[in-house]
Amino acid sequence: MWFFARDPVRDFPFELIPEPPEGGPPGPWALHRGRKKATGCPVSIFVYDVKPGAEEQTQVAKAAFKRLKTLRHPNILAYIDGLETEKCLHVVTEAVTPLGIYLKARVEAGGLKELEISWGLHQIKALSFLVNDCSLIHNNVCMAAVFVDRAGEWKLGGLDYMYSAQGNGGGPPRKGIPELEQYDPPELADSSGRVVREKWSADMWRLGCLIWEVFNGPLPRAAALRNPGKIPKSLVPHYCELVGANPKVRPNPARFLQNCRAPGGFMSNRFVETNLFLEEIQIKEPAEKQKFFQELSKSLDAFPEDFCRHKVLPQLLTAFEFGNAGAVVLTPLFKVGKFLSAEEYQQKIIPVVVKMFSSTDRAMRIRLLQQMEQFIQYLDEPTVNTQIFPHVVHGFLDTNPAIREQTVKSMLLLAPKLNEANLNVELMKHFARLQAKDEQGPIRCNTTVCLGKIGSYLSASTRHRVLTSAFSRATKDPFAPSRVAGVLGFAATHNLYSMNDCAHKILPVLCGLTVDPEKSVRDQAFKAIRSFLSKLESVSEDPTQLEEVEKDVHAASSPGMGGAAASWAGWAVTGVSSLTSKLIRVHPTTAPAETNIPQRPTPEGVPAPAPTPVPATPTTSGHWETQEEDKDTAEDSSAADRWDDEDWGSLEQEAESVLAQQDDWSTGGQVSHASQVSNSDHKPSKSPESDWSSWEAEGSWEQGWQEPSSQEPPLEGMRLASEYNWGGPESSDKGDPFATLSARPSTQPRPDSWGEDNWEGLETESRQAKAELARKKREERRREMEAKRAERKAAKGPMKLGARKLD
């Protein structure tokens, strides 16, 4: 019946791609590109069509089919499937390209590096496996018998004429193909049998021919082997041994590789060492793996792209998934990720990144935050909001200042992808606490800088409620760079304020800074005042401009709105960058500045905390010094776009070395910081989540900067930012009149105060100030009542006990 005559080729699970054959070794086979029908995975298919009268070739093809199916070695062409019928033979292998075609394509693309060739020739160690382990003679080593896979690995094929070295299978089969016979050594022409040779002598001669062809092109005749041509000098001595006239002195394949791997040899390089380590990585010790991955990223730039994508990347993913490699794989992983397409990145890298964010390893978390710019463009908004942001925000509560700092910086990249709740509620809650209570001045400063950069992404109602209050509070910070950041934050977000807010809320705050003890703060305040006044004046001259000027005030959040800052407040953009680069980033070995700031007593048995600035009256020798600019940043037009620079204020770089020794950040960090927050308010300890459930609660934007009552002892081996000399000038003897002004405590109102804390229902005084005023009023009332009672007693005169009034 008809169903018994089904075509086996049609039922074969692989199919040929309708393209001309790529070629193959001279002989019966034709190499075609193919794919698996079920998955579409690419493969290579060697096809032999049985022809009448070609029984000898058919036997050679069937022998090659059998050998390839039974031999398994990493450097021999990998067999996948096969089909044998009366009409044809199909051998399916991994997707490969003939070496000749591969070399030609590499030369046209810019040249083939010696590193690639050195590893390729090293992979011909399959000859050593065949001769020494299997007692087989390949008998067909040449350019046409070598193939290259997608990772650039050289694979040995062409097993058609293989025979046993023990002689039990007869002599070598006859080839009958002139293109292949030209690679035979000269001793084969001597039929007398008097020439003494080793079993590997013929294959090593052919290997010498292969080396000549790799560097010089197709071999025209055997006599050309006498001239090494373009063969590197470090390889020439070993090449000469291969093509020597005496077959007895030709080295064993294993000894040839050993000679080339000697110091200074052709195969003695970082690329070969890396490949050999990757081949044995499963049996390496954890310490060896850690060291290998730490050094790998330095070498990846010199390695071929295909090798990085198809060999290094899978090993990195495996090492992270099953080898507990940890944070050391991140740097090479992201470097290799640059070679991937967007689709490949989504499939291979993003799942690993998402999993890494849930890790409790502090070293991994901080490296993820530092390198977020390399993968943020591949993250979609649902992934960021549901799988990444909930883990990242825990960094705001970490006891390690370096993690808190990196978490703040990462918000610049995450903010455009956050949803309404995460951006306008959750993130603002943490920013409010950091700006008000963090003991590290640089972190408070960077929080203000970050808020100014992401202000355009906030909703209109959140901007109206947050920005003015936040920048106003920054101008009262005892850390001078934070005050400068507050001024520049106002200028950079100028388009988000109404004219009424500019006149009644912002300018009064800026005017108060014109007598700030720090000259850098005064300079930026004057520039900001001139800019806001210019804006108000232009609207006053032409009221029709009001609608255009305030078009962004009530507009929905838009990333493009932030670009308006550069139109008239370019100096602010430059100023923030200069501030963070010159004031915050310092060398870890800088000596700490000497200050006269009083320190709180430290309990016995507790390490002394780093000095923290307090809102006390500054003097010429006891306030934070700032480094003055060499020239006016407003006139530096070349730096107008530095607002987007990555040169943020940085805490200690050596913090990374101690991160891995910390306890679980997600538990201990929150508990420690919660106790710190509660101590600063002199209240019973409670969790940060209950303290910061909303901005309008304690710690909201409406409160002034609060000095923490205690701080976490610094980590061992790490110094806090407050211990450093921030590069400012030494105490000046020039007699700056503003430096001697008494800065009023934040809790005491001034008679001439503009009421800068009264915006949007803000409290004019802190709770402590209210309690103090109430106590004073009660005391004054008590004294007044006592005085009145004393007056009444004096008016009546003394009364004698037992006396009676007589008529």
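**View A. Phe334 and Phe375, a buried pair.** Both Phe334 and Phe375 are buried. This is a predicted model. The two residues form a stacked aromatic pair. Their ring centres are 5.0 Å apart, with 25 degrees between the planes. Phe334 belongs to helix H13 (residues 330-337). Phe375 sits in the loop between helix H16 (362-370) and helix H17 (381-392). The pair therefore ties together parts that are 41 residues apart in sequence.

**View B. Aromatic pairing at Phe292 and Phe293.** The structure holds 16 aromatic pairs. One of them joins Phe292 and Phe293, with ring centres 5.4 Å apart. Their planes meet at 65 degrees, so the pair is edge-to-face; the cut-off for that class is over 60 degrees. Phe292 has 5% relative accessibility, so Phe292 counts as buried. Phe293 has 1% and therefore also counts as buried. The cut-off for buried is under 20%.

**View D. Strands S1 and S2.** Strand S1 covers residues 14-16, and strand S2 covers residues 30-36. They pair in the antiparallel sense over three bridges. Look for Glu15, which stands opposite Arg35 in S2.

View E. Leu31 has Phe46 in S3 as its bridge partner. Five residues lie between the strands of the hairpin. Gly40 takes a positive phi near 80 degrees in this hairpin.

Methods:
Residues are numbered from 1 along each chain as its sequence is written. This is a predicted model: local features need pLDDT of at least 70, side-chain atom pairs count only at pLDDT 80 or more; totals for chains, interfaces and linings use all residues. Side-chain values use heavy atoms; hydrogens and water are left out. Rings of Phe, Tyr and Trp (its six-membered ring) pair if their centres lie within 6.5 Å; planes under 30 degrees apart count as stacked, over 60 as edge-to-face and the rest as tilted. Buried means under 20% relative accessible area, exposed over 50%, partly exposed in between (1.4 Å probe, protein chains only). Helices (H or I, at least four residues) and strands (E, at least two) are DSSP runs, numbered from the N terminus. Two strands pair if DSSP finds at least two bridges between them.
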